Amino acid sequence: MAAVLPLVLLGLIVAVLAWCVPAPGATTVGSEAPGFTLVDLDGNPISLAGLRGRPVVVNFWASWCGPCVEEFPLLRRAVERHAADGLFVIGIVFQDRSTAAREFMERNGATWPAAMDPGGRVAEAYEILGPPETFFIDGAGIIRARHIGQFTESSLDDGLATIMRSR
């Protein structure tokens with residue numbers, strides 16, 4: 001019995017690591033961002049492929065997400081600061097209602113488009129566990145940085161620097 005215990009513990013450790021550590025996949029920094037076409041809250045189509053040549057921030061958020069409230073003013077300032085650089089921000093609404101998302105956008109002064117993700121297929125392609133989560137995609141469509149959880153002004157600037165310098 002004593003000889004089996006270390007093997008059981010080793011098996012548990014391997015299982016936990018396999019579950020917690022993401023496997024290299026579609027959302028690995030340096031890989032091409034998964035493409036998508038969604039409809040924003042105003043009914044306009046948004047296609048990641050249509051934004052080639054521009055730096056893009058894809059931010060997964062929800063109206064019920066407290067940290068998302070903290071991020072919105074930082075995103076708003078980034079959009080203003082980098083407008084001349086062609087920066088495009090897309091908010092992808094994660095497991096929320098469109099009416100709640102629209103109210104949240106208005107209440108928090110968002111100036112960028114937000115799109116619903118019917119069935120969560122884009123969130124699944126980007127391997128989202130929960131909001132907020134942000135991807136920094138360069139003009140060639142390559143993921144240059146990924147921020148899981150709430151970003152700060154400094155970490156947002158770091159992510160932006162990875163896509164602004166590759167223009």
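Contact here means heavy atoms within 4.5 Å. With that cut-off, the buried residues of helix 3 pack against strand 3 (56-61), helix 2 (66-81), strand 4 (88-93) and strand 5 (114-115). The model is a predicted one.

The buried residues in question are Ala100, Ala101, Phe104 and Met105, within a helix that spans residues 98-107. Viewed down the axis of helix 3, they fall within an arc of 135°, so they line one face of the helix. An α-helix has 3.6 residues a turn, so residues three or four places apart point the same way. On the other side of helix 3 are Glu106 and Arg107, both exposed. Just after helix 3 comes Gly109, with a positive phi of about 65°.

Read from the N terminus, the order of elements is α-β-β-β-α-β-α-β-α-β-β-α. The protein has 167 residues, and buried residues make up 44% of them. Of the contacts with a separation of 6 or more, 71% are between residues 24 or more positions apart. The accessible surface comes to about 8,800 Å², and carbon and sulfur atoms account for 61% of this surface.

Helix 5 covers residues 153-164. Its 12 residues reach 16 Å from the first C-alpha to the last, close to the 16 Å expected at 1.5 Å a residue. Buried residues in helix 5 are Ser155, Leu156, Gly159, Leu160, Thr162, Ile163 and Met164. Their cover includes strand 3, helix 2, strand 6 (133-137) and strand 7 (143-148). Strand 3 and helix 2 also pack against the buried residues of helix 3.

The structure holds 8 aromatic pairs. In one of them, the ring centres of Phe60 and Phe135 are 6.1 Å apart and the planes stand at 80°, so the pair is edge-to-face. Phe60 lies in strand 3 and Phe135 in strand 6, so this pair ties together parts that are 75 residues apart in sequence. Phe60 counts as buried because its relative accessibility is 0%, and Phe135 is likewise buried at 0%.

Another edge-to-face pair is formed by Trp61 and Phe72, at 5.1 Å centre to centre with 75° between the planes. Since Trp61 lies in strand 3 and Phe72 in helix 2, the pair ties together parts that are 11 residues apart in sequence. Trp61 is buried, with a relative accessible area of 0%, and Phe72 counts as buried at 0% relative accessibility. Phe60 and Phe135 also belong to one aromatic cluster together with Phe36 and Tyr126.

That leaves the cysteines. The count comes to 1 disulfide, which joins Cys65 to Cys68 with an S to S distance of 2.4 Å. The link is right-handed, with 85° about the S-S bond. Cys65 and Cys68 are both buried.

Note on methods. Residues numbered from 1 in each chain as written. Predicted model: local features only at pLDDT ≥ 70, side-chain atom pairs only at ≥ 80, totals over all residues. Heavy atoms only, no water. Buried < 20%, exposed > 50% of the residue type's maximum accessible area, 1.4 Å probe, protein only. Helix = DSSP H or I, 4+ residues; strand = E, 2+ residues; numbered from the N terminus. Arc of directions from axis to C-beta. Areas by Shrake-Rupley, 256 points an atom, 1.4 Å probe, with all protein chains shown as cover. Expected span 1.5 Å × (residues − 1). Phe/Tyr/Trp six-rings, centres within 6.5 Å; stacked < 30°, edge-to-face > 60°. Disulfide = S-S within 2.5 Å.
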